[in-house]
Amino acid sequence: MSIKTEEISSLIKKQLANYQSQVSVEETGTVTYVGDGVALADGLENAMAGELLEFSNGVYGMAQNLESNDVGIVILGDFDGIREGDTVKRTGRIMEVPVGEELLGRVVDPLGRPLDGLGEIATTKSRPIERKAPGVMERKSVSEPLQTGIKVIDALVPIGRGQRELIIGDRKTGKTAIALDTIINQKDQDVICIYVAIGQKESTVKSSVETLRRYGALDYTIVVSASASNPAPMLYIAPYAGAAMGEEFMFNGKNVLIVYDDLSKQADAYRELSLILRRPPGREAYPGDIFYTHSRLLERAARLSDDLGGGSMTALPIIQTQAGDVSAYIPTNVISITDGQIFLDSDSFYAGQRPAIDAGTSVSRVGGDAQVKAMKKVAGTLRLDIASYNELASFAQFGSDLDEATQAKLARGQRTMEVLKQGLHAPQKVSEQVVTLFALSKGFIDKLPLDDVQRYESELAAYMHANHQDLYDGIENTGKLPEGDDLLNAVAEFGKSFQTSEDAAK
């Protein structure tokens, strides 16, 4: 077999035609210390703050401390395989996460990698985890309600789209339950939800995901999980990663709800990192910029101006207190950043008042601006009624002879507290809430035995759906109470047919 020189020369010419002269320059450094999720490296003179760095074993890290001699790197993954003397190279990219609709219905880690075993996430978009919050002129005021489906919140501490409302209380008082119920209530509301679980047990996260799946809420939700077994850097960046995913939707004109559960654990993770990086400790050993850590995160929640598409991101940060102490360092910090707080009281919780929201301590700084007119009208005096009932109840336990007016006020207060109780994962439409509170305000519930109040509420809703659906639809569509006496007559009509437990006993 003979080889023709013409063929060889044509092949060589083809190869030379495709040849491109490229010089690849990589800036690398050497690891001088590694331990506890942190590494120090020298030789990375041009590294940027927050830059993604790659170790020789493929694990990534983020540049956190830029010092004269070395760079402090927080390791985003398993650091057992990294040794002193290993090389680490710059990527030239600021820390970023994948974003987009492909993440909906998925459980991911703070780097956007899937944790649910459903395969890779096919998205080409990404966003840096840190972004400057929208400025004053890029926002518009909060005026559109975000319905939680929980009567006591929608009536007393309403939340608006673009607001930051803190959920605060001791452990095991129902903070996560309120957040999950709010997510479940966004079904068919055209709101995308992001649930960021920080430092929780993996079994707890699994339980929350199954709850969302059971109620059909996982379809419009992204779950970002940095569980207790993850290194501290993952817990620290988790809420920023969630915010970046939410911003992708917000800047495309959509409404987003993001839950940070909880920022106490993120603050602890950041304290751990800072102490290992030898940053000077301040109060309670937290670093000096712990306030900035939370403020730059929560300020990213906003309602954008019409010029920017009018999208919104509503934040529900959660903070855990110790023995109800809201004056501790982290709670006071976050209270001062947010637009109000929902305070959960452990005494009320154990007394059976669930959700255990303390109406006296809870507040929404957006207030009635985030309520429909119908709710504003029926819930107008509710906070005062509860406050006066609590005051009377504390005195009434010392005296037996009470005048009729005081007894009537106590009876109304007891029934008010009973009406504000609500089952787990049973959010209600705003029209159902309004009709129940309307019946309460007009005195229809005052004479009922306490044990019948919740049955009255559920039977009233069923009766209204069956016979007066038009009244419900009117409240939903207009946000106002029906004109005339139609609603009053409908509730009175139901009251005649309602059989109390005392009537049944006769």
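Which residue is the bridge partner of Thr 28 in β6? Select Lys 89, for that is the residue in β6 with which Thr 28 is bridged. The model on display is predicted: local features need pLDDT of at least 70, side-chain atom pairs count only at pLDDT 80 or more, and totals for chains, interfaces and linings use all residues. Residues are numbered from 1 along each chain as its sequence is written, and side-chain values use heavy atoms, with hydrogens and water left out.

**The barrel**

Next, select residues 28-35, strand β1, together with residues 87-94, strand β6; the two run antiparallel and are joined by three bridges. Strands here are DSSP runs (E, at least two residues), as are helices (H or I, at least four residues), and both are numbered from the N terminus. Two strands count as paired if DSSP finds at least two bridges between them. Within this pair, Thr 30 stands opposite Thr 87 in β6.

Now display the whole barrel: six strands close in the order β1-β2-β5-β4-β3-β6, with antiparallel pairing. From one strand to the next the twist averages 45°; axes are lines fitted to C-alpha atoms, for helices over the stretch in contact, and angles run from 0 to 180 degrees between N-to-C directions. Helix α5, residues 232-250, packs on this sheet and touches β4 (60-66) and β5 (71-76), where contact means heavy atoms within 4.5 Å. The direction of α5 makes about 85° with that of β5.

**The open sheet**

Move to the eight strands that form an open sheet in the order β8-β12-β11-β13-β14-β10-β15-β16, with mixed pairing. Its edge strands are β8 (107-108) and β16 (363-364), each pairing on one side only. Select β11 (residues 191-198) and β13 (residues 255-261), a parallel pair with seven bridges; in it, Val 196 stands opposite Tyr 260. Helix α4 (residues 202-214) packs on the sheet against β8, β11 and β12 (221-226), at about 175° to β12.

**Gln 371**

Finally, select Gln 371, in the loop between β16 and α10 (373-378). Gln 371 counts as buried because its relative accessibility is 13%; the class covers values under 20% relative accessible area, with exposed over 50% and partly exposed in between (1.4 Å probe, protein chains only). Its side chain reaches the backbone oxygen of Asp 154 at 2.9 Å, and a polar atom of that side chain lies 3.0 Å from the backbone oxygen of Ala 155.

Note on methods. Polar contact = N/O pair within 3.5 Å; in protein donor to acceptor, adjacent residues only side chain to side chain.
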